[in-house]
Each structure stands twice: as C-alpha cells, then as structure tokens.
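This report goes through selected parts of one protein chain. Keep the sequence and the 3D view open while reading.

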Amino acid sequence: MPTHEVLNQPPPLRDYNLFTSDRALGEAMRREGAGWAVARASALGATCGRAEVIEWGVQANASPPVLRTHDRFGHRIDVVEYHPAYHELMRLSVGHGMHALPWREPRPGAHVARAAMFYLTSQVEAAHGCPISMTYSAVPALRVEPKVAAEWEPRLTSTHYDPRFQPADGKQGALCGMAMTEKQGGSDVRANTTRAEKGDGGWLITGHKWFCSAPMCDAFLVLAQTAKGLTCFLLPRWLPDGTLNRFHVQRLKDKIGNRANASSEVEFDRAWARRVGPEGRGVPTIIEMVNHTRLDCTIGAASGMRQAVAQATHHAQHRSAFGKRLIEQPLMQNVLADLCVESEAATAAMMRLARAYDARASADDGEGLFARLATAVVKYWVCKRWPAHAAEALECLGGGGYVEEGPLARVFRESPLNGIWEGSGNVICLDVLRAMTAGPEVVEAFFTELDRAHGADPRLDQFVLALRDDLRDPEALEARARDLVERMALALQGSLLVRDGDPAVAEAFCASRLGHQHRLAFGTLPPGFHFTRIIERARPTA
C-alpha cells in the first residue's frame, strides 16, 4: 500500500533548449563574431536538451568502456568497446563538426562558433569530448608536415563518425588522439624514455605511455626520443599494408570521473610512425595541439559551470522550504546569484579566448600574443574554480544532490579533471611565467586587452594597476605564481564583464572579486545587489 504522495520535488530538467536558455552564451557568441552561427547553435541546443539525448549521457557514463586485449583464439586485438550511447554522442558531435569546424569553414568567428557548440554538447556528457577535442587540436600540428596533413586532414575533418576498427583509408572519417606523458616524467616530457629509430619507410617507436586517452582513435600524435632529441610523430593504429600496428593497450584507467571516455596505458613495440615537424623539435611541434586542447579545457570547465547553474536554479525554482520556494529565500538567492556570476565570467572569458584563435588564423600578431598568455591564464583559473563551483551547486540540491541518480554527481566527479588535463595548476602557472619572460610584447598584449575597459570601473582600474606593478619582474615571481595568475584571470574577466556584460553581473563581480579580501566561498555577495535579475538571466526555461 502506498504510504504517501510524492510532493515538493522538482521535475527533471529536460526538453529545453540549452542555447536559448543561456543568455550569456548567446550574447558572447554575437559579440565575439559568430552571429552567423546562432541558428546552428540554437538547433544544437534544442537537440542537446531532448530527454533522449540527455539519457545518452547518463547511459554512457554508467557503462564505462571495456578493454579486450585478445580475441577468443588468442590473437592480440587491443579493442576497446563502448556503450551504444557513447557512439550516439560521438555521432552527434562529429556530425555538427565539433572536431573540425574551423578547419572545414575557415571564416571569421569559426573558433567562437565551435566553442559555443562544444560547450553545449559537453553539458550532455563531458567525457565524449576528449577525442573530439584531440582531433580538433591535432590538425594545426599536422600542418607542420604538409605531406602527412594532406593524407590525414581530409579524414580528420570528415563529419561522418565511423567507429569501425579498420584502416583509416577505408573509413568515412577518422579521429586523432595524443600520447605524450610517461610514468617517470608526467608533465616533464623531456624525461621521456620512449625511443624512435628509422626503419620500414618511416620510424619505429619502442616504449610506453602512461596516459593515452581514447585509444580507439585512428592515429595518435606521440613524442619519442631520437638521436637529435624529443620528436613528434603520427602513429596510426593500422599499418599501410592493412595489418595492425604494434600498439598495445595494457589497461584502462579507473578514473574518478570522465568514465565514458577510455584512458589507457599503452606500449609500443617497434610501432611504425611518421615524423611530424623537425627532428628534435617535438615540443614546439606539438604545442599547437596542446594550446588548442587547453582552450577546450576552459570551454569544458565553463560548460560544467553552466550545467551546474542550470540544475541548481531549476531545483530552487520548484522546491519549497520553510514556507516559500528556495529561489525566494534571500540567502539562497545570494548563493545562486554568486554561482551565476562565476558561470557568466567563465563563459565570457572562454568565448573571448576563442576569438583570439580566430584572429590568430588571420595573422593578427597582437591577438596571437594575447592568446599565448591568456590561454594559460584562463585555463588555470576557470578550471581551478570549477570544483568549488560544482560542490556549491550540488549543495543547493541538498542530500538529493549527493546521489548518483542526480545530474550534479557526474558534474562534481568530472570537475577536477580539466585542471589536471594538459598541465596541472603549477605547470600552467610556470608556463605563464615563461610566456611573460619571452618578451615584453606578450605582457603588453595582455594589458592592452585589459586597458580596453579603463575608466569603466574604478575598482577594476585599481586592480589592474596593482597587477601591472607586481609583474615588473616576472623572473622573481615563481613562488607567487598562482596568486598572480589568479589576479590576471580576474582582471581579464572583470574587463570583459564591465565592457560588455550585464550591468548587474559586472557590478557583483567587481564588488566580490576585485577587493583586497576576495572571498572564495560562494554566497558572500555584499547586500543590495539585483540577485533576482542575475538568477533570471541564467535560469533555464522550457
């Protein structure tokens, strides 16, 4: 017999448009030069909000990939099998060009359009974005070697998702992964011991990789030592003669989150590969791939924040406590508004960063210098803020947020990853210092961007002035690098918001983030702000 009627529970957030419900994203897309793609983003947002598509993300996460090293006869096959829902997500993203849009449509705003749409699909299930991101990022690196690019770029930019395990030249489309880090070195890739020697019309690579994500990709950019030093190679899963390459998946990583994506340890036993870029120049060659994946780390973290805000505000809109809805409670309004401010600041920064990549493509030197520094700065801060943001949003749902059936458990488990992927916090901050010591023009390009907001808010002006004074001698800043990079990111976010953001959001950001006592806890906005206006801008609607 039933003992009670289920009351005071919010309906699931589904069958809504992720794009049209996100005012900050739409505004940024138009502002940063991708207004021509708004209709495409809206159509994708409607698809991503469908109940069926949301369920694909749930299913792919709940059924992690499985490794089969051998077939039943004992032949080595190294096949990773995925849940059908994972393939549906991949088909969705590849079909919309998330892996290749700027290379297929090299026009102003292409990186911005792609960033907005990648941000939408990542909210459905972030883990499937790994091979999407690596394929997108591999193309500019491959272009260093025109003959290799001529063969592989048409495959990697095809909008046909073809998961068949067979040679790439017989498929409708291909994906590219990356394998750099090793057990003994991690981010210190110059400590790599994997070696390459000439042979069989290419190079033969022997060694291991501690992290190789998405091992079912068709090819991988790999770093290996030659007689002239660390060199970049393209290593395919299949040899030109149609037989399997000597690429062996030893095991899959059992990760905290990102569970729909297979991350693996691999061994190379004289695996055949082709050199990409000059011998001994592996790091400069692959750095283009790394920079683009760092951009995607930022997009992914901003996407996770947005999904957390959507779920928290939706819950508060429908849940009541102590006589009124949560969204009407003053303290909950403070928390929700603060989460919305953080999300909008992350979205503004990632979209501005994407525009810098568009400008780089048109040989804008100033934007190229800005991107060199801002990519690391924004990647560090947005990814660092995501876990705290996810935890606070989860708490808005109370105990229900801390169960795997709820949508925010997956967001919470995913949230630490992007701060580690493509360089953990210390590595990124040291990279910022290296970029600043490369020449004064790099720092000036960054401050030129900040100065576009000069005079708009005295708190921002004072914050930027103090930051400039502290950066006079970057060679002596290593011990304080995290503090300085955080302040650089806050200055950039503040500059973008006071220039082009919603006035209520900009005011709340400057009042809470640019003071001498910056409070890290969410829900500590000073009184008197337009909490309701900030929340309504962000709350999803059907």
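Arg-487 touches Phe-463, Ala-466, Leu-467 and Asp-470, with residues up to four places away in sequence not counted; contact means heavy atoms within 4.5 Å. Arg-487 is part of helix H17, residues 481-500. Helices (H or I, at least four residues) and strands (E, at least two) are DSSP runs, numbered from the N terminus. Arg-487 is buried, with a relative accessible area of 15%. Buried means under 20% relative accessible area, exposed over 50%, and partly exposed in between (1.4 Å probe, protein chains only).

This is a predicted model, in which local features need pLDDT of at least 70 and side-chain atom pairs count only at pLDDT 80 or more, while totals for chains, interfaces and linings use all residues. Residues are numbered from 1 along each chain as its sequence is written, and side-chain values use heavy atoms, with hydrogens and water left out.

Arg-114 lies in helix H6, which covers residues 110-124. Its relative accessibility is 1%, so Arg-114 counts as buried. Neighbours within four places in sequence aside, the contacts of Arg-114 include Gly-97, Met-98, Tyr-136 and Asp-296.

How do the axes of H3 and H4 cross? The axes of helix H3 (residues 51-62) and helix H4 (residues 84-95) come within 8 Å and cross at roughly 130°. Axes are lines fitted to C-alpha atoms, for helices over the stretch in contact, and angles run from 0 to 180 degrees between N-to-C directions. That angle makes H3 oblique to H4. Angles under 35 degrees count as roughly parallel, over 145 as roughly antiparallel, 65 to 115 as roughly perpendicular and the rest as oblique. Val-53, Trp-56, Gly-57, Gln-59 and Ala-60 of H3 meet Ala-85, Tyr-86, Glu-88, Leu-89 and Leu-92 of H4. The residues of this contact of H3 with H4 are 7 nonpolar, 2 polar and 1 charged. Here Ala, Val, Leu, Ile, Met, Phe, Trp, Tyr, Cys and Pro count as nonpolar, Asp, Glu, Lys and Arg as charged, and the others, Gly among them, as polar.

Helix H10 (residues 330-361) and helix H18 (residues 503-513) have axes that come within 10 Å and cross at roughly 100°. That makes H10 roughly perpendicular to H18. On the H10 side the contact is made by Asp-338, Val-341, Glu-342, Glu-344 and Ala-345, and on the H18 side by Val-505, Ala-508, Phe-509 and Arg-513. By class, the contact of H10 with H18 has 5 nonpolar, no polar and 4 charged residues.

## Salt bridges

How many salt bridges does the structure hold? There are 47 salt bridges, each being a side-chain nitrogen of Lys or Arg within 4 Å of a carboxyl oxygen of Asp or Glu. In one of them, Glu-449 pairs with Arg-352, and the closest N and O atoms are 2.8 Å apart. Glu-449 lies in helix H15 (residues 440-451) and Arg-352 in helix H10, so the pair ties together parts that are 97 residues apart in sequence. Glu-449 is buried, with a relative accessible area of 1%, and Arg-352 is buried at 0% relative accessibility.

Glu-507 and Arg-459 also form a salt bridge (2.7 Å, N to O). Glu-507 is in helix H18 and Arg-459 in helix H16 (residues 458-470), so this pair ties together parts that are 48 residues apart in sequence. Glu-507 counts as partly exposed at 33% relative accessibility, and Arg-459 counts as partly exposed at 28%. A network of salt bridges links Glu-27, Glu-344, Asp-502, Arg-533 and Arg-537.

## Helix H1 and positive phi values

The buried residues of helix H1 (residues 23-31) are Ala-24, Leu-25, Gly-26, Ala-28 and Met-29. The buried residues of H1 pack against helix H2 (38-48), H6, H10 and helix H19 (531-538). After H1 comes Gly-33, with a positive phi near 100°.

Most residues other than glycine have a negative phi. Asn-8 is not a glycine, yet its phi is positive, about 60°; Asn-8 is in the segment before H1. Asn-258, also a residue other than glycine, has a positive phi near 55°. Asn-258 sits in the loop between strand S8 (247-252) and strand S9 (263-276). Is Asn-258 buried or exposed? Asn-258 is buried, with a relative accessible area of 6%.
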